[in-house]
Amino acid sequence: MSESARILVVDDERSMQEFLEILFRREGYEVTTAGDVASGLLCLENDEFDLVICDMQMPDRSGIDVLHAVRDGMLDTVVIMITAYASTESAIAAMKEGAYDYITKPFKVDEIKLVVEKALEKKVLSRENRLLRTQLRGQVRHRSIVGNSGVMQRVFELVGQVADTKTNVLIAGESGTGKELVARAIHDQSERSEKPLVAVNCGAIPENLLESELFGHVRGAFTGAVQSKEGLFESADGGTIFLDEVGELSLALQVKLLRAIQDKTIRRVGDTQDRRVDVRILSATNRRLEDEIAAGRFREDLYYRLNVIQVTLPALRERVDDIPLLVHHFIEKYAAELSKQIDGMSEEALDRLTRYAFPGNVRELENVVERAVALCRGGLIDADLLPPTVLEPTGTAATSARIPAEGVDLEALVNDYERSLLLEALEMSGGVKKRAAQLLGISFRSFRYRLEKLGLDEPDASS
Ligand SMILES: Nc1ncnc2c1ncn2[C@@H]1O[C@H](COP(=O)(O)OP(=O)(O)OP(=O)(O)O)[C@@H](O)[C@H]1O
Ligand SMILES: [Mg+2]
């Protein structure tokens, strides 16, 4: 953007026009100048600008009129006001009217350069965000939540009921059960759907940054805060904020969040005034917050504010009925993505899937299907394309084995078990036999011998 960005300078002082024109031309921008508000407005009508630098006090009219023209025309243009040293009040008024920033006279070259650079950066970002949001909104219609089991039908019903209220919703469920998907569905079905849905992963942002991320900060609030910054709560104004992994919030931030909910105001870090925000809060957790409360790690009062309604997503193993539909859904998705012609999945493969416990829930099933589609040469996906973890779940099975009255074939059972362990180790090590042997606590020689014995040895070069 910096190459081709277009700047309009509106200032009645000829020397200032010239100064800014030369400065920003040298920076590679295209610069147009206007000597009063009337001609500035004319420029805006006839041309497109990325950024306007506008003097606040001009003989004919106030610079605020330029700001209004940009705002009322909903132009995609950022405005920076220049004010006289003594008039911070009018500067603040300009900010309230939607100016991106202001700079007071006299200013240094570096100062105005920095402000303009930041403003243009922000402009690119906000345009990209808007683009992303519209794309996301388009996708949502195709990105359906699949499920025909009774429990999921009840979840859909609940989602439909709460969507169009202002109620805060806590979405609980094991990892990979679709919590984020449900949060998006609630937002999309709400009257806020045209406003942003801002998602924050509370567990992924370092604690010392999270407060400023959520609530913003003012210029000079801490070292490095060269610009004031709007927080995610403000970005989500009128819309929805999705606090993912809300159980990870520190107690200090829990207090601030509680205040934001109760008073519907937030305060930027370093600021002295509160700002009103209208935000609906959806949160998600895969921890049991009741346990966190008991352990003194989560505030009970906040819990009740967030958990006005709870949507609990059942683990996939509790809704085995959904597996065939989900499989179908993911085959379609990945076959299209990989441009493959896949007819479906064999009875046997489906049967194997329904008998597997899926500790990683729908996400794990999705990965399994994606892998199978990638490996499939067309036609039906058969059981041999499922990963060993699914085919031969190991672990407690062996130790809890019961010998039926008619007896067992020990040799065959042990061989079967050994075979599944060898295959799983190979899968985990990406086919590297040395690592697979380590995983099983045996020597490389012993590993190779066992592969041969069980007829698993393939004549390949890996070691
Ligand atoms: N019912 C469903 N229908 C279709 N796709 C689903 C469904 N549930 C989950 N998925 C898919 O499974 C993956 C995991 O879902 P999601 O990210 O919503 O889970 P999550 O509960 O937020 O997991 P985590 O706790 O690990 O963040 C996503 O790719 C999502 O699209
Ligand atoms: Mg998630």
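## Helix α15 and the model

Helices (H or I, at least four residues) and strands (E, at least two) are DSSP runs, numbered from the N terminus. Helix α15 covers residues 361-375, and Asn361 belongs to this helix. Asn361 is not a glycine, yet its phi is positive, near 55°. Its relative accessible area is 0%, which makes Asn361 buried. Buried here means under 20% relative accessible area, exposed means over 50%, and partly exposed is in between (1.4 Å probe, protein chains only).

This is a predicted model, in which local features need pLDDT of at least 70 and side-chain atom pairs count only at pLDDT 80 or more, while totals for chains, interfaces and linings use all residues. Residues are numbered from 1 along each chain as its sequence is written, chains are lettered from A and ligands numbered from 1 in the order in which they are written, and side-chain values use heavy atoms, with hydrogens and water left out.

## Domain layout

The protein is divided into domain 1 (6-123), domain 2 (143-314), domain 3 (315-393) and domain 4 (412-463). These bounds come from an automatic or database domain assignment.

## Domain 3 against domain 4

The C-alpha centres of domain 3 and domain 4 are 25 Å apart. Contact (heavy atoms within 4.5 Å) links five residues of domain 3 with four residues of domain 4. The two domains bury about 380 Å² between them, and 63% of this is on carbon and sulfur atoms. On the domain 3 side, Pro388, Thr389 and Glu392 lose the most area to domain 4, together 83% of what that side buries. Buried area is the accessible area (1.4 Å probe) that two parts lose on being put together, summed over both.

The interface of domain 3 and domain 4 has one salt bridge. The term means a side-chain nitrogen of Lys or Arg within 4 Å of a carboxyl oxygen of Asp or Glu. The side chains of Arg371 and Glu427 also form a salt bridge, at 3.2 Å from N to O. One residue pair, both at pLDDT 80 or more, is in polar contact between domain 3 and domain 4. On the side of domain 3 that touches domain 4, two residues are nonpolar, one is polar and two are charged.

## Around His217

His217 lies in strand β8 (residues 216-217). Is His217 buried or exposed? His217 counts as buried, because its relative accessibility is 7%. Its side chain makes a polar contact of 3.1 Å with the side chain of Ser212. For a polar contact, N or O atoms must pair within 3.5 Å; within protein, one must be able to donate a hydrogen and the other to accept it, and residues adjacent in sequence count only if both atoms are side-chain atoms. Beyond neighbours within four places in sequence, the contacts of His217 include Phe222, Gln227, Lys229, Arg268 and Val269.

## Backbone features

Pro106 sits in the loop between β5 (101-104) and α5 (109-140). The peptide bond from Lys105 to Pro106 is cis, with omega near -5°.

Lys264 is in the loop between α10 (251-263) and β11 (265-266). Lys264 is not a glycine, but its phi is positive, about 55°. With a relative accessible area of 44%, Lys264 is partly exposed.

## A covered helix

Helix α7 (residues 179-188) is mostly covered, with seven of its ten residues buried. Those buried in α7 are Lys179, Val182, Ala183, Arg184, Ala185, Ile186 and His187. Their cover includes helix α6 (150-163) and the strands β6 (169-173), β7 (197-201), β10 (240-244), β13 (280-285) and β14 (309-313).

Notes:
Ala, Val, Leu, Ile, Met, Phe, Trp, Tyr, Cys and Pro count as nonpolar, Asp, Glu, Lys and Arg as charged, and the others, Gly among them, as polar.
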